[in-house]
Amino acid sequence: MTEQALGVCYYPEHWPEEMWDEDAQRMASAGLTWVRIGEFAWSRLEPAPGGLEFDWLDRAIDVLGRAGLRVVLGTPTATPPRWMLDRHPDMLAHDAEGRPRRFGARRHYCFSHEGYRAECRRIVTLLGDRYGRHPHIHAWQIDNEYGCHDTTLSYSPAARAAFRDWCARRYQSPEALNRAWGNVFWSMEYDEFDQIDLPNLTVTEPNPAHVMAFRRFSSDQVVAFNRAQVDVLRVRTDAPLIHNYMGRELAFDHFTVGADLDVASWDSYPIGFLSDRIAATTAHKRRYLRQGDPDMQALHHDLYRAVGRGRWWVMEQQPGPVNWAPHNPAPLPGMARLWAWEAFAHGAEAVLYFRWRQAPFAQEQHHAGLLRPDSADAPGLAEAAQVARELAEGLAGATAPGQAALIWDYAAAWAWETQPQGADFDYFRLLHAAYRALRRLGLNVDIVPPDTADLSPWPLVVAPGLATLSGPFLTALSRHDGVALLGPRTGAKTEEMAIPVPLPPALPGLDATVALVESLPPGVTVPLEGGGALAHWVERLEGTAEAVRRTEDGAPALVRAGGLHYLAGWPDDDTFRDILRDLAGAAGIETAEMPEGVRRRDTATHRFWFNYGPEPVDCDGRTLPPAGVAWEAL
Ligand code: GAL
């Protein structure tokens, strides 16, 4: 059985050394066993170029380790110190307006800057040499939240030079690039790779193929930046290498970054996300104000379990109000416990609260910790301690395999951001809607990358908005003998952002062709025969495939051939659930009707229930209080 444990993020450099010992003792007595440190400490580790001061870190690690805590050591590369800019004045990321981003916060580096990458290799080598085999260091975190603060895309001179090289490698000749991008349109043809700029500051929209190439390149740069640190650490430590990804961050391919690491982790801020990262009605945002969206966390748990190939953590868990959303309410009592249990039920190996003590200075002074700035207990601490006691009962363990697979493709997100053809066509929102529909049916979901060669573990496969169909996916689909739902917009673009001919979706065995697409403004829907509606996006289909659902004016909305289904639009929430209930039934999967705001998840041994609603709810023969968690042996 996987070991599951709690922890906390701690910044010894923020506090007088006299406080460390008591802090460590209090962490241990609350039942915390992991502590993450170091990820922003470069200015204290190397106050001047080459002037290393690691002694304080040695002492901090010893104090924490002696209290029985296992340390996750962060590499400090998300916060290069001020002197770094004097050494590398051109290392800054540039925004889309072409302006260098400034020193004075964090993540101010460009992923393409070779000089900065070498500095990262240097500091990580020093850290790896000193702590790689340290008995108290049990894991490493590389950098912090790639992509945070919109930093994946950089329009700097370093990025431009690297992009030209990338294009030369991918296309081999300017003629081939011109052909692939369709540069004959508007006389955009190039004679040399060195004429190619980044796709910003153009008079009107740049060629979508150019933008898509830049998106692929930018993702590759994150992968290469991360790999540089992995290569340094691999030979210096046997401890697992981890990165902490974010909620709703799709600007780089996490599956590719994750393939170089041992564990995926993510930073879960449910109330902040509800406020600023989710498209939802005002009523929904009011109802879940102090709990977060009922599906947002689990969606990422399932995603990062896939990114980590089974091994994943929550590296930062919201314990109280955050500081960064437009509005920052406090969690309902019980939510700091519920969120942790929901993660464990999805198979998390560890959940670390962010942060130990609230910092009374600098940017995050209104961000709650487990302690207040005066070191008194904040409300999250008792809930963390409760989870630690409950974990000791040995409840958790491996999560159950999903009944449904939801295909998740970062390149599809880039494609639809590049050419949305309708302001509300958002890939994340579409996937969130499909996931919500599956969870309202009480299903366990696995998120699956788009190049998965074998879909046979899942009787139901759901793949909305998959812009480009890869060969491996088509092969896996043709061998899958369960039920699959594709569409809308599946197979609608080539890798180079052109409309393929034969027209999409071009699914073997399914005679259906998308003849026309429409995007719809908010509030406009296309009603379906028998109830329900499509919104945001509608496709008109030609062909002889059997229509399972039609619009009120008789056009096919859902067609099929055997188990293979194509959805010609974006269904509203209830319609999505109804369609998936029928498909699950056809796949032989038993579904449930979860009461509003209640979700469940199975592990190998238990069924868990979570009440995100603000009132008590009866479900499966039990009453769940607000923020309630319940479990029962299967
Ligand atoms: C995360 C970040 C932390 C902290 C936290 C505040 O994005 O990794 O360093 O800023 O948010 O909620």
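I looked up the second largest pocket of this predicted model, and found 33 residues lining it. A280, T281, H284, R436 and D573 lie nearest its centre. A pocket here is an open set of points on a 1 Å grid over the protein atoms alone, where a 1.4 Å probe fits, with protein on both sides within 12 Å along at least five of seven lines; lining residues have an atom within 4 Å of a point.

I noted a space of about 760 Å³ for the second largest pocket. That volume is the space filled by probe spheres set on the points, which are joined across faces, edges and corners.

Next I sorted the lining: 15 residues are nonpolar, seven polar and 11 charged. Asp, Glu, Lys and Arg count as charged; Ala, Val, Leu, Ile, Met, Phe, Trp, Tyr, Cys and Pro as nonpolar; the others, Gly among them, as polar.

I checked which elements contribute. α16 (427-440) gives the most, five residues. Among those supplying at least two are α11 (282-287) and α18 (573-586). Helices (H or I, at least four residues) and strands (E, at least two) are DSSP runs, numbered from the N terminus.

Then I turned to strand β4 (residues 137-141). Four of its five residues are buried, so β4 is largely enclosed by the rest of the structure. Buried means under 20% relative accessible area (1.4 Å probe, protein chains only).

β3 (residues 70-74) runs parallel to β4, joined by four bridges. V72 stands opposite A139. β5 (residues 241-245) also pairs with β4 in the parallel sense, over two bridges. There W140 faces L241. Pairing needs at least two DSSP bridges.

For my records, residues are numbered from 1 along each chain as its sequence is written. Local features need pLDDT of at least 70, side-chain atom pairs count only at pLDDT 80 or more, and totals for chains, interfaces and linings use all residues, while side-chain values use heavy atoms, without hydrogens and water.

Technical notes
Buried < 20%, exposed > 50% of the residue type's maximum accessible area, 1.4 Å probe, protein only.
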